[in-house]
Amino acid sequence: MHYYYPEHLEGYKRVKAEGKTAWNEIHGVEGYDNFSSRAFLETVLPRLTFSTQIPTALEYGCGTGPSTCFLAERGFRVDAIDLVPLAIEMGKEISSQRGLSINFEVGDVCNLKEDGKQYNLIVDSYCLQCIVFDDERQRVFSSVQSRLKPSGYYLVSTAILDEEHEALIGSDTIEDSDTGVVYNEYGEGFIDLNTGIVLRSLNVRGHEYSDAIRISEKLYLPNRRHLQRTNLISELQSAGFMVVYQDERFPQSVACKFKDYTS
């Protein structure tokens, strides 16, 4: 099983079992519409100019669809994918109850076909942070580039290594003897401060996970990628994007276009 599957499979089982509707609700945030990137979307969308009156949008890692519904309610024709079938099932039900026509499908952005429909807007609402390795993140960016119209926008919201997260860094360390990488204590896990890769303890049989790392007889699973904001922007620029909007109120979010696009 790939490293980012178990947390999300179990997470949405918990959402359903507890009678909740969205991922944020199992982490103490009340209400389906109180999703993490909402304030940024409310601020940035009026600043964007689209070539059509009814722009198309794709959200990957949509979960049960709170930000997907937000876009549809504001006039976008929206497609949405998530790797968890239960999340997609719930998203379909919720959007139907709201009278919204949204195309929800099960899909993994790391394996998204690059020859499909193109969009005026592609949204990442805290999905990228769960995609840890460089090659996978490059596959995501490549998929976005192939699916984004030349004048389109790519909106990214992702956890970063800001002051709040830096406060979680402790003095204890562990070292991967195979690679020589030293990880610092980081909340309930460990972080490689050079790459931002976060590890969490793995309390099941490691052979079930091809990405499990054994350090000092303990098993860890890659869990998050928390880059500093400047490094995130550099990564996006290296992938062929340019940041066209950012706001100090939302340090975790940026709006991008193709680097070579000229209006």
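Residues are numbered from 1 along each chain as its sequence is written, and side-chain values rest on heavy atoms, with hydrogens and water left out. Because the model is predicted, local features were required to have pLDDT of at least 70 and side-chain atom pairs were counted only at pLDDT 80 or more, whereas totals for chains, interfaces and linings use all residues.

Six strands were found to form an open sheet in the order E6-E7-E8-E9-E11-E10, with antiparallel pairing; strands are DSSP runs of E with at least two residues, helices are runs of H or I with at least four, and both are numbered from the N terminus. Two strands are taken to pair if DSSP finds at least two bridges between them. The edges of the sheet are strand E6 (169-175) and strand E10 (213-215), each of which pairs on one side only. From one strand to the next the twist averages 40°, where axes are lines fitted to C-alpha atoms, for helices over the stretch in contact, and angles between N-to-C directions run from 0 to 180 degrees. Strand E9 (residues 197-201) is joined to strand E11 (residues 218-225) in the antiparallel sense over five bridges, and leucine 221 in E11 is the bridge partner of arginine 200.

Arginine 224 also lies in strand E11 and, at 12% relative accessibility, counts as buried (buried means under 20% relative accessible area, exposed over 50%, and partly exposed in between, for a 1.4 Å probe and protein chains only). Its side chain makes a polar contact with the side chain of glutamate 7 at 2.7 Å; such a contact is a pair of N or O atoms within 3.5 Å, of which, within protein, one must be able to donate a hydrogen and the other to accept it, and residues adjacent in sequence count only if both atoms are side-chain atoms. Leaving aside residues up to four places away in sequence, arginine 224 touches Glu7, Gln129, Cys130, Val132, Gly196, Ile197 and Val198, contact meaning heavy atoms within 4.5 Å.

The structure holds 14 salt bridges, each defined as a side-chain nitrogen of Lys or Arg within 4 Å of a carboxyl oxygen of Asp or Glu. In one of them, lysine 117 is paired with aspartate 79, with the closest N and O atoms 3.3 Å apart. Lysine 117 lies in the loop between strand E3 (103-106) and strand E4 (119-125) and aspartate 79 in strand E2 (residues 77-82), so that the pair ties together parts that are 38 residues apart in sequence. Lysine 117 is partly exposed, at 39%, whereas aspartate 79 is buried, at 11%. Glutamate 248 and arginine 229 meet in a further salt bridge at 3.2 Å, N to O, and link the loop between strand E12 (241-245) and strand E13 (253-258) to helix H7 (residues 229-238). Here glutamate 248 is exposed, at 65%, and arginine 229 is buried, at 17%. The salt bridge of aspartate 247 and arginine 249 spans 2.6 Å, N to O; aspartate 247 is buried, at 13%, and arginine 249 is exposed, at 57%. Asp33, Glu73, Arg74 and Arg98 are linked in a network of salt bridges.

A search of the whole structure finds zero disulfides, a disulfide being a pair of cysteine sulfur atoms within 2.5 Å. For cysteine 110, the nearest cysteine sulfur is that of cysteine 127, 7.5 Å away, and cysteine 110 is buried, at 4% relative accessibility. The sulfur of cysteine 256 is 15 Å from the closest cysteine sulfur, in cysteine 127, which is too far for a bond; cysteine 256 is likewise buried, with a relative accessible area of 0%.
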